[in-house]
Amino acid sequence: MTAAYAEWVASHALLLLILLPLVSAALAVALARAYVLASPSARLAGFAGVVGLACAAFLSLAAAVTRPGGVVEFDSALASALSMSLSDSLLWLLSWFTTLGDRDFLTVIAAAMTATLLLRRQWLLAAFCAAATGGGGALNWLLKHGFERVRPEHDHGFATAVGWSFPSGHASAAMAVYGAACYLAWRLAPRPWRLPGVALAAALVMAIGLSRILLQVHFASDVAAGFAISFAWLALCAAAAERLGRSSRQDQGIQ
């Protein structure tokens with residue numbers, strides 16, 4: 001049964017690459033709308049809830065990948081099925097797209113955002129940006145070296161990756177950096193740009209994560225774990241920024 005599910009996913013890879021980012025965007029917009037309508041106490045409970053769920057998801061995946069079981073079997077079956085089903089043209093396209101989650105590229109974006117905020121004397125948001133992006137990167141490095149999971153074999157020649165596999169660095173970094181950018185846009189951008197920004201960030205992060213799976217440089221559980229732990233850290237940083245900045249916030253549109 002596991003192999004059958006993996007083969008179905010591999011045979012519908014392009015469709016999932018289109019649909020899942022759209023679903024992620026719609027879900028993110030729905031959560032943002034709920035945030036706007038919620039009371040301060042409900043927002044705090046929401047932050048606590050999403051952090052708890054994300055941490056639980058990560059811990060479940062971490063436990064699953066350290067021993068034989070359904071998750072490991074599905075990971076291996078999916079990587080094998082993808083290696084036999086994806087066209088060279090799609091792999092070539094993904095090999096370029098996945099650079100949007102490259103560590104060096106995202107480091108430049110994170111540094112530029114932080115520097116811009118410092119120049120504008122927005123100290124709290126600069127601290128948030130540095131903590132969310134830099135702290136997320138450090139957390140991923142520690143976890144990778146803690147689990148030391150070997151990557152799936154990928155000999156198609158369209159992408160190379162070195163280092164440990166769990167959790168995915170691209171997925172984690174994309175969530176941290178584009179998620180931080182989304183939060184900053186929510187705080188600073190004009191109101192009409194906020195929900196489109198949320199949708200774009202969510203779709204982009206999901207697409208980057210999927211590209212790592214389809215390129216077979218990460219197992220599916222690597223990407224899911226990278227999303228989960230980085231989202232938890234990002235939510236904690238955002239909650240701290242909201243609490244510290246509540247009294248001085250001038251943008252009444254997001255109160």
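Predicted model: local features only at pLDDT ≥ 70, side-chain atom pairs only at ≥ 80, totals over all residues.

Residues are numbered from 1 along each chain as its sequence is written, and side-chain values use heavy atoms, without hydrogens and water.

Rolling a probe the size of a water molecule over the atoms shows where empty space is left. The grid has 1 Å spacing and covers the protein atoms alone. A pocket is an open set of points with protein on both sides within 12 Å along at least five of seven lines; a cavity is a set where a 1.4 Å probe fits but cannot get out. Lining residues have an atom within 4 Å of a point. Points are joined across faces, edges and corners, and a volume is the space filled by probe spheres set on them.

Start with the largest pocket. Its volume is about 1,400 Å³. It has 42 lining residues, with A28, L31, V50, M175 and F231 nearest its centre. Helices here are DSSP runs (H or I, at least four residues), numbered from the N terminus. α2 (13–37), α3 (40–65), α8 (169–188), α9 (191–214) and α10 (220–245) each supply at least two lining residues. The largest share, ten residues, comes from α10. By class, the lining holds 37 nonpolar, three polar and two charged residues. Nonpolar means Ala, Val, Leu, Ile, Met, Phe, Trp, Tyr, Cys and Pro; charged means Asp, Glu, Lys and Arg; the others, Gly among them, are polar.

The second largest pocket has a volume of about 760 Å³. It is lined by 34 residues, and R103, N140, K144, G169 and H170 are the closest to its centre. α6 (103–119), α7 (123–147) and α8 each give two or more residues. α7 gives the most, with eight. This lining divides into eleven nonpolar, 17 polar and six charged residues.

What about enclosed space? The whole structure has one cavity of 30 Å³ or more. The largest cavity has a volume of about 40 Å³. Among the residues that line it are D75, I213 and F219. Helix α4 (residues 70–85) gives the most to this lining, with four residues.

Finally, return to α2, where I18 sits. I18 counts as partly exposed because its relative accessibility is 48%, between the limits of 20% for buried and 50% for exposed.

Conventions. Buried < 20%, exposed > 50% of the residue type's maximum accessible area, 1.4 Å probe, protein only.
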